Amino acid sequence: MTVPLLDIENLTVTFPTATGPVDVVKGISFSLGRERLGIVGESGSGKSMTGRAILKLIRRPGRVTADEMVFDGIDLTTQSEKDMRHLRGARISMVMQDPKFSLNPVMTVGAQIAEALVTHKKLPRRELQARVLSMLEAVRINEPERVARLYPHEVSGGMGQRIMIAMMLIPEPDLLIADEPTSALDVSVQAQVLDIIDDLVTGKGMGLILISHDLNLVARYCDRILVMNGGEIVEECKASELHQARHPYTRGLLAAMPRMDEDREELPVLDRSTWTTGAGT
Amino acid sequence: MTALRTWLLDDSPASRLQANLGRAWRVWTALLRNPLAVVGGLIILVLIVMAIFAPLIAPYSPIGQDLANRLMPPSAAHWMGTDELGRDIYSRVVYGARITLLIVTMVAVIAAPVGLVIGAVSGYFGGWADRILMGVTDIFLSMPKLILALAFVAALGPGIENAIIAIAITAWPVYARIARAETITFRDAEFIAAIRLQGASSTRVILRHVLPLCASSTIIRVTLDMAGIILTAAGLGFLGLGAQPPLPEWGAMIARGRNFILDQWWVATMPGFAIILVSLGFCFLGDGLRDVLDPKQGGKQ
Amino acid sequence: MTDAAIHLENLSISYGKTPVVHDVTFSVAEGESFALVGESGSGKSTILRAITGLAPDWTGAISVLGKPRGHAPDRDFAKICQMVFQDPYGSIHPRKTVDDCLAEPLAVHGIGGRDTRVKDMLAAVGLDQRFRFRFPHQLSGGQRQRVAIARALMLEPRVMLLDEPTSALDVSVQAEILNLLKKLRREQGLTYLMVTHNLPVVSFLCDRLAVMRHGRVVEIADVAALKTGRLADPYSRELYAASGGALQPA
């Protein structure tokens, strides 16, 4: 690791509620090189908010503060909304959970992928078309010419997600943030989609932040893992060493998962009182 | 007081009563935080008080004529002046509150439940029931309210009861449409399926589980429609088809004042003010209720 | 076949004109926990809905505890068989308290002693009594799913249909609900027919499983075959591998 691609220092995301402001992300710090970083946590752990905060996608009344948020030498905290629009897509992309909500229903797949590229780079039509088709091939879609002419409702969930990935990766960003990219998909399709992301990311030497609730999945596809709970990073470890995790929360999560060769009569349940200080329920 | 408040706001109420009261209390305090809703509520409250205590509030009889004092401008003796028969307009406006309130509540009591049930049945069953019921609803909906009411009053004969029936007939289709739209959104929801699996009959599902979910949007719509109902009633009165003289109905009063509108402006203006004020009151209250009762709002608590 | 809790024979189900399930035959013994496994669109949930009468368009035969099933939900059936739905956020009436929700089945069937029954059931599913008068939006996903399980058990059914009961929950909460389901089955001798796509969950909670694909059952196996990775059908083996299992020769 040389100069980190992304460096985050003391990131806090706050939302006001009826009972006063609540920190959903509580001053976390981490840095990312051109590697694959997994952020795991349960619902409400602040993992998705972290991903959105990096892209400054947190809407009012939510507030983001950070001592430092530097992407490839660019200080994200001082970027205007207009500057962020140039960064999003071109340099940092995000794949969301459900392709159904992220694709425009009245545009063909090919047109949407082309548009993702054109907004950041002007290209002649012929070359554009070739780039779109080769991108569709890269996400392992057979008959890319046919698929490019389809509308989003005509493709399956797994294919929709691959199209999303094609859209996000065609401008060749340096960092891809994937927020639960496969939670809406079947297990066998999940593996395909993640393999594609993995190939493209490692092939192009990009950075990847994979946000998920699934410890095993993150362990399989990432180099490094951050475990979040209640807005804080409770554990940071190498993916290969996840099973030697020390924090009781991580250990509890690992133990609570049923295994394929399950022989326990009862699954151990997380005893939250051992480490939380009464935050959350 | 604080003990009562903590009891009401208790996160884990100990009885059904406490849970219900606590919920009502939350709606109430949320309503009080909305200044327009408070203004609207106060106006409605004044209207109700006026209607109940009309004989005590009004200085004169609403129908007592005094031909010596015809068309007097507003003065200390007659705050809103007198009309062409020398009747005190202020007293007539106060008594008119009774008629307005009667019309508004009767229409709401008749039209809202009818519309709710028809809409819920139509949305819940779908298919033929839906097509027939919504066909009828659309026929009613496609005709202008006042014209339809006029036709009914013309057929039934003028008078306040017939005016109420006529307005109710024109008012229900809107509620049926709202209830149907709401019902369709959760007809296939799992919580309805779960209740069906417990052996509940369709009647029970509709009455106990579907209607409560449609109720809040209907209540809001009814309050917002109140202004329209008052205006339709006033319109019928204005055309001489609503309340008959000498009843002090506000619309009829405006109709009579029309002849003197250039020289004796107060005869038509004073009841006009009353109509505007009460309509505004219902609108504000309806707006406030919408903010409070809207399910999306409730989910955030 | 007299002792079968659920028996399906040549069951074909369609939604409108689209056939979804083709010629499915299996039976679940009383007291057994049986899993239907497959990916989305395989028709596994549709089978549960047909048994309950929520998917009325089927041919073949369905019987529950020896009684043939009709094509609509009915009162007597409600007392012997209940269902727990996947989404704890969508399966509970949003404007009713937990108490209303649990007392409703008793009211429908005219059963008395509602107060004590509701209290006992809350205790049985591990919910504190202070939740009794709360509204669903004041509960977490896991608490809601406990309420849904409690509601299904109010009529003391002997057969429970579970439609992905934990797939919407966090891992730690899933463990709690799975433990609860296991405990309830042990205590009350329930029969489970569970739909899931999660093989480890099957391994924890079930005795046998049927693997479904495109509306057909491709394999019925003992859970021991799953635990040791000895499933026979190629598709089952594919699913097994995708779920992170290490295959053994069948």
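Predicted model: local features only at pLDDT ≥ 70, side-chain atom pairs only at ≥ 80, totals over all residues.

Reader: Why is chain C called as compact as a globular protein of its length?

Author: The globule rule gives 18 Å for 250 residues, and the radius of gyration of chain C is 18 Å, so the chain is as compact as a globular protein of that length. Its C-alpha atoms fill a box of roughly 55 × 40 × 35 Å along the principal axes, and the chain has nine helices and ten strands. Among its contacts between residues at least 6 apart in sequence, 63% join residues at least 24 apart.

Reader: How do you know which strands stand at the edges of the open sheet in chain C?

Author: The four strands of this sheet follow the order β2-β1-β4-β5 in chain C, with antiparallel pairing. β2 (18–29) and β5 (67–68) each have a single partner strand, so one side of each is left without a neighbour in the sheet, and they are therefore the edges.

Reader: What makes β4(C) and β5(C) a pair?

Author: Strands are said to pair if DSSP finds at least two bridges between them, and β4 (residues 58–64) and β5 of chain C are joined by two bridges in the antiparallel sense. V64(C), for its part, has K67(C) in β5(C) as its bridge partner. Helix α1 (residues 44–52) of chain C lies across β1 (4–15), β2 and β4 of that chain, and runs at about 110° to β1(C).

Reader: How do you know that chain A and chain B do not touch, and which chains do chain C's contacts reach?

Author: A contact requires C-beta atoms within 7 Å, and no contact joins chain A and chain B, whose closest C-alpha atoms lie 8 Å apart. Chain C, by contrast, has 29 residues in contact with 24 residues of chain B, and α3(C) gives the most to that side, with four residues. By class, this side of chain C has twelve nonpolar, eight polar and nine charged residues. Towards chain A, 23 residues of chain C are in contact with 22 residues of chain A, and here α6(C) gives the most, with six residues. The residues of chain C that touch chain A divide into nine nonpolar, nine polar and five charged. Of the two pairs of chains that touch, A and C have the most contacts.

Reader: Why is the length of helix α6(B) said to agree with expectation?

Author: At 1.5 Å a residue, the 16 residues of this helix (residues 127–142) should span 22 Å, and the end C-alpha atoms are 22 Å apart, which agrees.

Reader: What makes α6(B) hardly covered?

Author: The count of buried residues among the 16 residues of α6(B) is one, where being buried takes 20 or more other C-beta atoms within 10 Å. The helix belongs to a chain with 13 helices and zero strands, whose C-alpha atoms fill a box of roughly 75 × 55 × 25 Å along the principal axes.

Conventions. Residues numbered from 1 in each chain as written. Chains lettered and ligands numbered in written order. Nonpolar A, V, L, I, M, F, W, Y, C, P; charged D, E, K, R; others polar. Expected span 1.5 Å × (residues − 1). Buried ≥ 20, exposed ≤ 12 C-beta atoms within 10 Å, placed from the backbone. Axes fitted to C-alpha atoms, helices over the stretch in contact; angles between N-to-C directions. Rg over C-alpha atoms; globule rule 2.2 N^0.38 Å.
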